[in-house]
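My notes follow in the order I checked things.

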Amino acid sequence: MRELKYDFYIGAAAAEVWEALVSPEKVRQIYYGSVIRSSFVVGEQLEYVGPGAAGEETVHVYGTLLEYVPQQTLRYTHKTGPAYLTNRESYESVITWKLEPAGGCTRLTLVHGDWHPDDPSYDASNSSWWQILSNTKTLAETGRTLDFGSW
């Protein structure tokens with residue numbers, strides 16, 4: 001089964017990196033204007049909502065929270081939002097964020113795995129994770145995100 005895996009070393013404490021992953025205000029800066037919505041209770045829904053195909057409240061991604069250990073692990077199922085599913089099935093995959101201390105910095109590992117072989121969002125995810133991770137690193141280190149221009 002295919003998986004996407006990335007390791008980033010971030011010159012910030014785990015608490016700052018964690019905040020970039022779960023704070024709606026910080027997530028908005030990283031995820032193209034979308035916020036994370038979740039109770040952060042295992043078994044409950046998690047979603048990324050923001051401007052998109054269905055207006056300002058477009059559900060881009062949603063799933064079920066599988067694991068939540070502050071400043072260590074965030075794991076959830078991942079399905080593409082309904083506005084993007086014209087005549088196709090929404091396959092489920094799993095996203096795992098892991099934070100570990102590494103000297104004076106934090107090692108951030110993202111694994112996006114358990115892909116269905118027919119899931120067409122694999123390639124788009126592979127290209128967009130680089131920007132999301134780069135923005136996460138830059139935001140945690142500097143308090144700002146990168147300007148990628150229009151894409």
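What should the 21 residues of helix α3 span at 1.5 Å a residue, and how far apart are its end C-alpha atoms? I noted first that the model is predicted. Helix α3 covers residues 122-142.

**Entry: course of α3**

I looked for a bend next. I found one of about 30° at Ser 128. Then I looked past the end of the helix. Gly 143 follows α3, and its phi is positive, near 85°.

**Entry: burial along α3**

Which residues of α3 are buried? I listed Tyr 122, Ser 125, Ser 128, Trp 129, Gln 131, Ile 132, Leu 133, Asn 135, Thr 136, Thr 138, Leu 139 and Ala 140. I kept the helix geometry in mind here. An α-helix has 3.6 residues a turn, so residues three or four places apart point the same way.

I then asked what the buried residues of α3 pack against. The partners include two helices, α1 (14-22) and α2 (24-30). The strands are β1 (4-10), β6 (93-102) and β7 (105-113).

**Entry: Asp 119**

I moved to the loop between β7 and α3, where Asp 119 sits. Is Asp 119 buried or exposed? Its relative accessibility is 6%, and buried means under 20%, so Asp 119 counts as buried.

I checked its side chain. It makes a polar contact with the side chain of Ser 121, at 2.5 Å. Leaving aside neighbours within four places in sequence, I found Asp 119 in contact with Arg 2 and Tyr 91. I also took the C-alpha to C-alpha distance from Asp 119 to Thr 80. They are 10.0 Å apart in space and 39 residues apart in sequence.

**Entry: largest pocket**

I computed the space in the largest pocket as about 510 Å³. The lining has 19 residues, and the closest to the centre are Tyr 32, His 60, Val 61, His 78 and Ser 128. Ser 128 is also where α3 bends.

Which element gives the most to the lining? I found that α3 does, with five residues. β4 (55-69), β5 (73-80) and α3 each supply at least two.

Conventions
Residues numbered from 1 in each chain as written. Predicted model: local features only at pLDDT ≥ 70, side-chain atom pairs only at ≥ 80, totals over all residues. Heavy atoms only, no water. Helix = DSSP H or I, 4+ residues; strand = E, 2+ residues; numbered from the N terminus. Expected span 1.5 Å × (residues − 1). Bend = angle between axes of the 7 residues up to and from the residue. Buried < 20%, exposed > 50% of the residue type's maximum accessible area, 1.4 Å probe, protein only. Contact = heavy atoms within 4.5 Å. Polar contact = N/O pair within 3.5 Å; in protein donor to acceptor, adjacent residues only side chain to side chain. 1 Å grid on protein atoms, 1.4 Å probe; cavity = no way out; pocket = protein on both sides within 12 Å on 5 of 7 lines; lining within 4 Å. Points joined across faces, edges and corners; volume = space filled by probe spheres on them.
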